[in-house]
Amino acid sequence: MSSRQHVALAVIWLAILSGSLVASFERTEQRGSTLSPGGAPLTETDDAFFADDADFTFMDDTAGQDAIAPQLLGIDEHDEQPRARIREGRQLAVFDAGDVLPQSQARVTAILDNAVLINSDGAYHLLCCVQPSGQKREAVVPGTTLVDLRRNREVTQVARAYHSRLYINPLSLMGRVKVVQATISGRLAYKVYPGTDKRAFALFGLRPGDELIGVNGVALASGKAVPVLYEQLAAASHIALTVQRGGEMLVVLLSLNTSV
């Protein structure tokens, strides 16, 4: 398998990996005569990725490089409320929860003790991390459901193991979590279900039928999601999963760093 095919196969699972979970796509139409390296029948999607002449024109090395990522410089407290010092490009300003960053138009959704959660077009991203300010208060925009698992050592250990295997031997993670691709109201959606690793599925707060919207601020419906996520997650120290459960949107935060 070529390096490009190896990359493409790995990033197909980034939809729910987030350093922790990796997925295999289910399709209704399967080609029973074609086998993957593991011996299982290939779906149409898998067959395209394993083909020797596969055309991966979507793997654009420049994807996502034009955007200037916001950088968290510190968290202070003013009138007993936390405020975040954030730089975008050459601009440095102080923001409260609910404020909008001027360049990216991302909204500051939560100011935590050492990190800030921002909402970028419906996909959440964690600006992390700074030295804890010692503040006792956290500021969260009303209506935001936050599941912060960053300090759960068991979750972090499993997340680190999955993240490492994703980039070393992605085929070993085949089927650990099932992802069903569907079209809902004209948009592409990814529903997640337990695979062979039901323990990991539960550890990360997922429920059968949850819809994964984004990973680390990258909307999965975006045409650039695959190359951007592969590059970003390789060096990630944390993961922010945007999940829709029924009519509720929630954010699951995971750490890949045992010191966080």
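Start at Asp113, which is buried because its relative accessibility is 17%, under the 20% cut-off. The model is predicted. Asp113 forms a salt bridge with Arg151, at 2.9 Å from N to O. Asp113 sits in the loop between β7 and β8, and Arg151 in the loop between β11 (145-148) and α4 (153-168), so the bridge links parts 38 residues apart in sequence. Arg151 is partly exposed, at 45% relative accessibility.

Now look at the strands beside that loop. β7 and β8 (residues 115-120) are antiparallel and share four bridges. Val108 faces Ile118 of β8. Both strands belong to an open, four-stranded antiparallel sheet, ordered β9-β8-β7-β10.

The structure has eight salt bridges. Another one joins Arg187 and Glu211, at 2.5 Å from N to O. Arg187 is in β13 and Glu211 in β14 (residues 210-215), so this pair ties parts 24 residues apart in sequence. Glu211 is buried at 4% relative accessibility, whereas Arg187 is partly exposed at 35%. Asp197 and Arg176 form a further bridge, with their closest N and O atoms 3.6 Å apart. Asp197 is buried too, at 14% relative accessibility.

How far can the coordinates be trusted? Where pLDDT is low, they should not be read in detail. The chain has a mean pLDDT of 76, with 71% of its residues at 70 or more. Over residues 1-66, pLDDT stays under 50.

How values were computed: Residues are numbered from 1 along each chain as its sequence is written. This is a predicted model: local features need pLDDT of at least 70, side-chain atom pairs count only at pLDDT 80 or more; totals for chains, interfaces and linings use all residues. Side-chain values use heavy atoms; hydrogens and water are left out. pLDDT is the predictor's confidence in each residue, from 0 to 100. Contact means heavy atoms within 4.5 Å. Two strands pair if DSSP finds at least two bridges between them. Helices (H or I, at least four residues) and strands (E, at least two) are DSSP runs, numbered from the N terminus. A salt bridge is a side-chain nitrogen of Lys or Arg within 4 Å of a carboxyl oxygen of Asp or Glu. Buried means under 20% relative accessible area, exposed over 50%, partly exposed in between (1.4 Å probe, protein chains only).
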